[in-house]
Amino acid sequence: MKSIILLLCTMLASSPQEAIAQKRSVNTDRPLVDEIRLDVTIVSKLAATLAATLANNEAKKRFDVTPFSASTADATFHGDHWQWQSTVGYGKGDLRVTVSFKQDGSEPKVEIVALVNERSN
């Protein structure tokens, strides 16, 4: 499935972000399905791919790892932005990420929290 998404991205634009970020008039009530003529499921997968990429970029800077995958969670559309969350094992705990961005790909926000699973004495 990932290769299909990447193929669609290369057909539409040079990156998933550009595939989502069509610079035409934006209807803030729904995702850019009408503007790019794709099924909402495909657009959601593109949004998840962008979110996982943003999450991995931040995780690489902070923890020197790239553990997130778009296939672990769906991106959901809320009002005027996409949101994606994922949790992966890391060390003695987990990394939990929340990624959001506007429907055109702008204003990305990435929050990663390290959850430690140790007993306190």
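A residue is called buried under 20% relative accessible area, exposed over 50% and partly exposed in between, computed with a 1.4 Å probe on protein chains only. By that scale D64 is exposed, with a relative accessible area of 54%. This is a predicted model, in which local features need pLDDT of at least 70 and side-chain atom pairs count only at pLDDT 80 or more, while totals for chains, interfaces and linings use all residues. Residues are numbered from 1 along each chain as its sequence is written, and side-chain values use heavy atoms, with hydrogens and water left out.

**Salt bridges**

- The whole structure holds two salt bridges, each being a side-chain nitrogen of Lys or Arg within 4 Å of a carboxyl oxygen of Asp or Glu.
- D64 meets K60 in a salt bridge at 3.0 Å, N to O, and K60 is partly exposed at 45%.
- D80 forms a salt bridge with K102, their closest N and O atoms being 3.0 Å apart.
- This pair links distant parts of the chain, 22 residues apart, with D80 in the loop between β1 (76-78) and β2 and K102 in strand β3 (residues 93-102); strands are DSSP runs of E with at least two residues, helices are runs of H or I with at least four, and both are numbered from the N terminus.
- D80 is partly exposed at 30%, and K102 is partly exposed at 27%.

**Aromatic pairs**

- Three aromatic pairs are found in the whole structure, where rings of Phe, Tyr and Trp (its six-membered ring) pair if their centres lie within 6.5 Å, with planes under 30 degrees apart stacked, over 60 edge-to-face and the rest tilted.
- One of them is the edge-to-face pair of F63 and Y90, at 5.4 Å centre to centre and 65° between the planes.
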